[in-house]
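Reader: I have a model to go through and a few things to ask about it. Can you put it up?

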Amino acid sequence: MDVYARLKELNLTLPDLPAIGGIYKPVRQAGDCLYVSGQLAIRNGEPVFPGKLGGGVTVEEGQEAARACVLNALSHLHNALGDLNKIKGVVRSLVFVQSAEGFSQQPLVANGATGLLRDIWGEDGLGARSAFGANELPRGVSVEIEFIFAV
C-alpha cells in the first residue's frame, strides 16, 4: 500500500511543515521506532477549534483537531524520512485534550486521530493509546498528540 496514494484517496494533503515551538527535535529515531514530539492541532499557523472540550468545543470539532495533529505528524515524518512508505505502522499515541471541568470523553476525541491512522494503514495504524484531559495546552489548542511509529 502506498501511503501517498491512500492520502489522495482520502482527499488529504500533507500540510506545510509546522513550526517547531521550542528546543527539541520533532522526530527522533531510536532503533526501529520513530518518536514524534507533541503535535498541536494547528492548520496554516492557526489553532484548529481552539478552546476546551465540554466548554464550547464539541467532540466532533475535537476529533477534527485530532486529525490535524496526525497530518502535522505525517508532515514531520515525511521531512525526516523522505518517504512515509518506510513506516510499518503505529506503535502508540498519547492524546492530550484541553478539557472543561467534568468533561470525560477524551477517548472519543482521540478516535479522530486513531480513526485516521487506521484509514491510512489499516490494522497497522492501530497502536496502543492513552487519552488524558488537560487544563491548558500550548497556544490554546484543544488537542495535542505524541506518536511512536515503527519503521
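Reader: Ser142 to begin with. Buried or exposed?
Author: Ser142 counts as buried, because its relative accessibility is 0%. Buried means under 20% relative accessible area, exposed over 50%, and partly exposed in between, with a 1.4 Å probe and protein chains only.

Reader: What sort of model is this, and how are residues numbered?
Author: It is a predicted model in which local features need pLDDT of at least 70 and side-chain atom pairs count only at pLDDT 80 or more, while totals for chains, interfaces and linings use all residues. Residues are numbered from 1 along each chain as its sequence is written, and side-chain values use heavy atoms, with hydrogens and water left out.

Reader: Back to Ser142. Where is it found?
Author: In the loop between β6 (128-134) and β7. Helices (H or I, at least four residues) and strands (E, at least two) are DSSP runs, numbered from the N terminus.

Reader: What does Ser142 touch?
Author: Leaving out residues up to four places away in sequence, Ser142 touches a list that includes Val48, Phe49, Pro50, Phe96, Val97 and Leu137. Contact here means heavy atoms within 4.5 Å.

Reader: Which backbone oxygen lies 2.8 Å from a polar atom of its side chain?
Author: That of Phe49. A polar contact is a pair of N or O atoms within 3.5 Å; within protein, one must be able to donate a hydrogen and the other to accept it, and residues adjacent in sequence count only if both atoms are side-chain atoms.

Reader: What about the phi of Phe49?
Author: It is near 50°, a positive value in a residue other than glycine. Most residues other than glycine have a negative phi. Phe49 lies in the loop between β4 (46-47) and α2, and it is partly exposed, with a relative accessible area of 34%.

Reader: And the phi of Asn11?
Author: Also positive, near 60°. Asn11 lies in the loop between α1 and β1 (27-30) and is exposed, at 72% relative accessible area.

Reader: Switching to aromatics. How many aromatic pairs are there?
Author: The count comes to three aromatic pairs. Rings of Phe, Tyr and Trp (its six-membered ring) pair if their centres lie within 6.5 Å; planes under 30 degrees apart count as stacked, over 60 as edge-to-face and the rest as tilted.

Reader: Why is the pair of Trp121 and Phe149 called tilted?
Author: Because the planes of Trp121 and Phe149 are at 55°; the ring centres are 5.9 Å apart. This pair links distant parts of the chain, with Trp121 in helix α3 (residues 106-121) and Phe149 in strand β7 (residues 143-150), 28 residues apart.

Reader: What does Phe147 pair with?
Author: Phe147 and Phe149 form a tilted pair, 5.7 Å centre to centre and 35° between the planes. Trp121, Phe147 and Phe149 form one aromatic cluster. Trp121 is buried at 8% relative accessibility, and Phe147 and Phe149 are buried too.

Reader: How enclosed is β7?
Author: Largely enclosed by the rest of the structure, because six of its eight residues are buried.

Reader: Which strands pair with β7?
Author: Strand β2 (residues 33-40) pairs with β7 in the antiparallel sense over six bridges, and Leu34 stands opposite Phe149. β5 also runs antiparallel to β7, joined by eight bridges, with Val95 and Ile145 as bridge partners. Two strands pair if DSSP finds at least two bridges between them.

Reader: Now α3. Where is its kink?
Author: It is centred on Gly112 and comes to about 30°. The bend at a residue is the angle between axes fitted to the seven residues ending there and the seven starting there.

Reader: What span does α3 have?
Author: Its end C-alpha atoms are 23 Å apart, which agrees with the 22 Å that its 16 residues should span. The expected span of a helix is 1.5 Å times one less than its number of residues.

Reader: What covers the buried residues of α3?
Author: The cover includes α1 (3-9), α2 (59-81), β5, β6 and β7. Among the buried residues of α3 are Val109, Ala113, Leu116, Leu117 and Ile120.

Reader: Last one: what follows just after α3?
Author: Gly122, which takes a positive phi of about 65°. Just after α2, Gly82 takes a positive phi of about 85°.
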